[in-house]
Amino acid sequence: MGRTAALLTMLQTGDSAFPSGAFAFSNGLETLVAEGVVPAQIPLDGLLFDQIVPRWLEFDRFYLLAALQAKHVAAVDRDCHLHQSLPELAAASQRMGRALLTSHARIGTAQTAPYLAQLGPQAPGHAAVVQALVARALELGPEEAQAVAFHGLLTGFASAAVRLGKIGAISAQRILRRAIAHYAHGLAVPPAAPSAFAPIADIATQRRDSSAVNLFAT
């Protein structure tokens, strides 16, 4: 597979229509909207810029980059699981990772079917690690892998906000444009250690089950 085809295949993975499980995850946004915290107390873009993106940059991206370079991907996967701050986030990450891995195995992406067969306590299947595995199979480097994963994070958040009726399509694209302009340069600097401090989003994720009706799995 040529480099352009590999990049297009990786972009397919980052699309919200790809069955990766990310479509069912709101990063706590649903709870915050239901409780009136967003946008009454915290603006929508503030949640994205101050909670969601920083956690991804310092935690998920750390394991994405580590798995890209690791000799034993499963070891990185286990370390990612041990450092998850909340059981709810760990479960969501595994659901997304396993869905992504299953989809790639079914469409024939190299290296994914063998890892799918390994899933269990020794290979939890976290999303960032699976994203790296797919990038490795496509022979893509850190720059492309990070860009696609970041794109998926942003579009997933925007899609959740639109489905919750808190923003229109054009406003969502404006937020995405600002996020790209603000954070793209940060992708050039790898995180030194995994950090997952996003208290507002994390607490909202824990409170999710108290809502009477939920559109999202977490």
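Which helices do the buried residues of α4 pack against? That is a handy way into this model, which is a predicted one, and the points below start there.

1. **Helix α4 and its buried side.** The answer is α3 (44-69), α6 (112-118) and α7 (127-137). Helix α4 covers residues 73-82, and its buried residues are V73, A74, V76, D77 and C80. Looking down the axis of α4, you'll find those buried residues within an arc of 155°, so they line one face of the helix.

2. **How α3 and α4 meet.** Take one of those partners, α3: its axis and that of α4 cross at roughly 165° and come within 9 Å. Angles over 145 degrees count as roughly antiparallel, and α3 and α4 are therefore roughly antiparallel to each other. The crossing of α3 with α4 is right-handed. On the α3 side the contact is made by F59, Y63, A66 and A67, and on the α4 side by V73, V76, D79 and C80. Sorted by class, this contact of α3 with α4 has 7 nonpolar residues, 1 charged and no polar.

3. **T112 in helix α6.** Another partner of α4's buried residues is α6, and T112 is found in that helix. Is T112 buried or exposed? With a relative accessibility of 0%, T112 counts as buried, because the cut-off for buried is under 20%. Setting aside neighbours within four places in sequence, T112 is in contact with L101, H104, A105, L133 and V134.

4. **The α8 and α9 pair.** Now move along to α8 (residues 142-163) and α9 (residues 169-183), which pack at an angle of about 155° with their axes 10 Å apart. That makes α8 roughly antiparallel to α9. The handedness of their crossing is right-handed. From α8, F150, L154, T155, A158 and V162 make the contact, and from α9 the residues are A172, L176, A179, I180 and Y183. By class, the contact of α8 with α9 has 9 nonpolar residues, 1 polar and no charged.

5. **E144, also in α8.** Have a look at E144, which lies in helix α8. This glutamate counts as buried, at 16% relative accessibility. What does E144 touch, leaving aside its neighbours within four places in sequence? The residues in contact with E144 are R3 and L7.

6. **R178, on α9.** Helix α9 is the place of R178. At 39% relative accessibility, R178 counts as partly exposed. R178 and F49 are 129 residues apart in sequence, while their C-alpha atoms are 9.5 Å apart in space.

7. **P19, in a loop.** For P19, go to the loop between α1 and α2. Which residues does P19 touch, not counting residues up to four places away in sequence? They are A99, L100 and S103. Along the chain P19 and S103 are 84 residues apart, and their C-alpha atoms are separated by 6.6 Å.

8. **Two positive phi angles.** N27 and E139 deserve a glance at their backbones. N27 has a positive phi of about 55° although it is not a glycine, and its place is in the loop between α1 (3-14) and α2. E139 has a positive phi of about 60°, and it is not a glycine either; E139 is found in the loop between α7 and α8. As for accessibility, N27 is buried, with a relative accessible area of 9%, whereas E139 is exposed, with a relative accessible area of 66%.

9. **A cis peptide bond.** Where is P39 found? P39 is in the loop between α2 (29-34) and α3. The peptide bond leading from V38 to P39 is cis, with omega near 5°.

How values were computed:
Residues numbered from 1 in each chain as written. Predicted model: local features only at pLDDT ≥ 70, side-chain atom pairs only at ≥ 80, totals over all residues. Heavy atoms only, no water. Buried < 20%, exposed > 50% of the residue type's maximum accessible area, 1.4 Å probe, protein only. Helix = DSSP H or I, 4+ residues; strand = E, 2+ residues; numbered from the N terminus. Arc of directions from axis to C-beta. Contact = heavy atoms within 4.5 Å. Axes fitted to C-alpha atoms, helices over the stretch in contact; angles between N-to-C directions. Parallel < 35°, antiparallel > 145°, perpendicular 65-115°, else oblique. Left-handed = near helix turned anticlockwise from the far one by under 90°. Nonpolar A, V, L, I, M, F, W, Y, C, P; charged D, E, K, R; others polar.
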